[in-house]
Amino acid sequence: MKQWIAFKNIMLKDMRSYYLKPPNVSWGLVFPLAWTAMFFVRTGSGLEKAIEVLPGVVAISILFGTTSMLAVTITFEKKNRSFERLLLAPVSLELLMLSKTGGAILFGVVNSFVPVVPAAFLTDLTQVEWLTVLPAVAMIAVVSTFLGLFIAVSVSEVFEAQTFSNFFRFPMIFLCGLFFPVADLPVFLEPLSYVLPLTYGVDILHGSIHGQHIFPIWINFFILAGFCIILFYFSLKNIHRKWIL
Amino acid sequence: MQASAFANKDGYSEQLITVSDLTKNFDNVKAVNKISFNVGKGELFGFLGPNGAGKTTTINMLTGLARPDSGWINIAGLNCSKNPKAAQHLIGVVPDESNLYPELTGFVNLCFCASLYGISKKERISRAEQLLADFNLEKAGNRKFNTYSKGMKRKLTIAAGIIHRPPILFLDEPTTGIDVASARHIRGLISKLFNEGTTIFLTTHYIEEAERLCERIAFIVNGHIVKNDTVANLIQPIKNLKTLLITYTNLAGNPEEKLNKAFPEFEFLQESNNQIKVHSEKTISIGPVIRFFEEQGAEVTEARQLNPSLEEIFVEVTGIEADAMKNEKNDGKL
């Protein structure tokens with residue numbers, strides 16, 4: 001019970017302090033929407049393409065919404081030593097990091113529905129399998145957050161975390177089948193798509209929103225769960241190795 | 001000082017912290033080298049040494065922020081070498097630099113710190129309000145932490161360290177870099193906590209502070225504990241030594257040698273250009289010394305008796321001048 005009081009308060013503190021601030025809103029909301037607008041302008045596609053674009057926009061909203069603030073909630077707090085206060089608390093490191101990432105996961109889930117609202121007015125969403133979309137959104141939020149966590153605990157400076165995040169995030173826009181099918185990528189880039197977790201999340205979204213997907217849904221979920229475990233495990237290992245000297 | 005039940009060699013019936021052969025290396029530097037000590041329940045134990053001596057590294061190992069390379073830590077019967085988090089519910093830590101959240105108010109910072117220890121909301125609010133009052137920070141409670149002065153920051157950091165009422169408190173250089181009034185207030189708060197029964201492990205590089213606050217002190221230099229004893233025992237060798245500090249004017253050169261020849265029963269040591277110290281086991285008769293200065297054409301402006309202090313012992317044991325330690329962090333306010 002005592003650990004859960006700590007868990008809840010760490011998460012709420014981060015959400016109040018960081019997630020509802022203007023920089024995060026710009027990264028998490030404005031950027032994905034601007035990217036989508038750019039896609040429509042560049043390809044000259046009409047609104048009939050909106051349903052095909054929706055999985056990519058949802059995924060990019062989650063990706064940027066979750067990863068943009070971890071450099072602050074983790075790396076900055078480590079740098080200014082307030083993270084030490086958390087490490088000194090009688091809370092297990094696993095629960096501590098889940099509470100530090102919980103806010104990002106929730107924010108990512110909320111973010112994912114921002115493009116869904118206008119899409120509901122612009123196109124027909126009746127064929128969408130919401131019971132698959134919802135867990136897929138949650139899994140993408142978790143895996144993206146843990147990717148952000150892994151980056152945040154691998155560096156010591158905030159600017160390094162931000163730069164390193166972009167090193168992963170921007171290529172993922174092109175490589176994970178968000179707007180262009182993985183099969184259309186050059187042969188030498190295609191294998192790269194399959195080592196990126198977002199590919200599997202986006203595949204579920206494509207399948208449940210407009211019916212086109214590469215892998216069976218359960219395989220995608222299984223692989224995403226594997227990525228979550230691996231990223232979280234190595235993040236904790238990095239904290240032990242680099243922060244608890 | 002609080003009366004203690006002397007039951008063993010350290011004077012405490014129950015050891016709350018036991019450290020044995022603790023070692024920590026950073027690359028090729030031995031930050032802490034096989035140190036061993038005990039801290040009794042209800043004791044105020046001082047760790048005195050210059051910067052880089054290994055004080056903070058020791059605290060970090062004891063509190064779970066650093067892993068020892070070897071050695072053994074036991075806090076309240078819990079093996080913290082194996083599980084550094086085992087005793088974290090029993091300890092409060094006040095680091096050498098404030099580590100609260102700059103964007104949160106003082107009050108919210110305290111409530112948040114209390115929540116980390118699983119304290120209920122109602123109790124968190126009550127304790128935070130009480131601590132703000134105790135630390136004279138009531139008016140600043142709703143101000144963001146980053147608007148606080150250094151002294152206020154340090155006070156709030158101490159308040160955050162004790163909000164869960166820990167029986168053991170680690171204080172790392174609690175008065176470094178803050179103004180005289182705040183330092184005095186903080187020393188008062190430390191004494192109050194000690195008198196209320198909190199076991200305190202205090203690191204400092206201020207000899208006077210250690211002597212004034214602590215019951216027992218360990219001198220740490222280059223990662224080694226070179227002396228560990230009660231303040232009374234440490235001062236014992238110089239307890240009967242009488243010391244006078246003479247200030248004079250109008251005398252060129254160093255009179256030390258002439259004075260030592262003229263008064264072989266005393267020991268004279270030049271302190272500065274116009275000050276000389278006189279040591280003796282017997283009562284020092286000042287008249288003949290003043291006359292000596294007058295015969296040299298000088299004038300004695302002040303002759304002040306100094307009480308035996310830990311400083312002399314520290315200098316003798318460690319070879320480190322006390323002034324050098326005071327100036328290390330560019331303040332030395334006491």
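The model is predicted, so local features need pLDDT of at least 70 and side-chain atom pairs count only at pLDDT 80 or more, while totals for chains, interfaces and linings use all residues. Residues are numbered from 1 along each chain as its sequence is written, chains are lettered from A in the order in which they are written, and side-chain values use heavy atoms, with hydrogens and water left out.

**Where the chains meet**

- The contact (heavy atoms within 4.5 Å) draws on 26 residues from chain A and 31 residues from chain B.
- Between them the two chains bury about 2500 Å², with 57% of it on carbon and sulfur atoms; buried area here is the accessible area (1.4 Å probe) lost when the two parts are put together, summed over both.
- There is 1 salt bridge between chain A and chain B, taking that to be a side-chain nitrogen of Lys or Arg within 4 Å of a carboxyl oxygen of Asp or Glu.
- Arg81(A) pairs with Asp96(B) in a salt bridge, and their closest N and O atoms sit 3.1 Å apart.
- On the chain A side, helix 1 (2–19), helix 5 (82–87) and helix 12 (217–243) are the elements giving two or more residues; helices are DSSP runs (H or I, at least four residues), numbered from the N terminus.
- Helix 1 of chain A makes the largest contribution to that side, at 8 residues.
- By class, that side of chain A has 13 nonpolar, 6 polar and 7 charged residues, where Ala, Val, Leu, Ile, Met, Phe, Trp, Tyr, Cys and Pro are nonpolar, Asp, Glu, Lys and Arg are charged, and the others, Gly among them, are polar.

- Over all chains, the structure holds 16 salt bridges.
- One of them joins Lys100(A) to Glu77(A), at 2.8 Å between the closest N and O atoms.
- This pair links distant parts of the chain, 23 residues apart: Lys100(A) is in helix 6 (residues 93–112) and Glu77(A) in helix 4 (residues 70–79).
- Lys100(A) is buried at 0% relative accessibility, and Glu77(A) is buried at 0% too (buried is under 20% relative accessible area, exposed over 50%, partly exposed in between; 1.4 Å probe, protein chains only).
- Lys13(A), Asp14(A), Glu77(A) and Lys100(A) are tied together in a salt-bridge network.

**Salt bridges in chain B**

- Glu271(B) and Lys277(B) meet at 3.9 Å, N to O; Glu271(B) is partly exposed at 45%, whereas Lys277(B) is buried at 15%.
- Arg304(B) bridges to Glu302(B) at 3.4 Å, with Arg304(B) partly exposed at 38% and Glu302(B) partly exposed at 36%.
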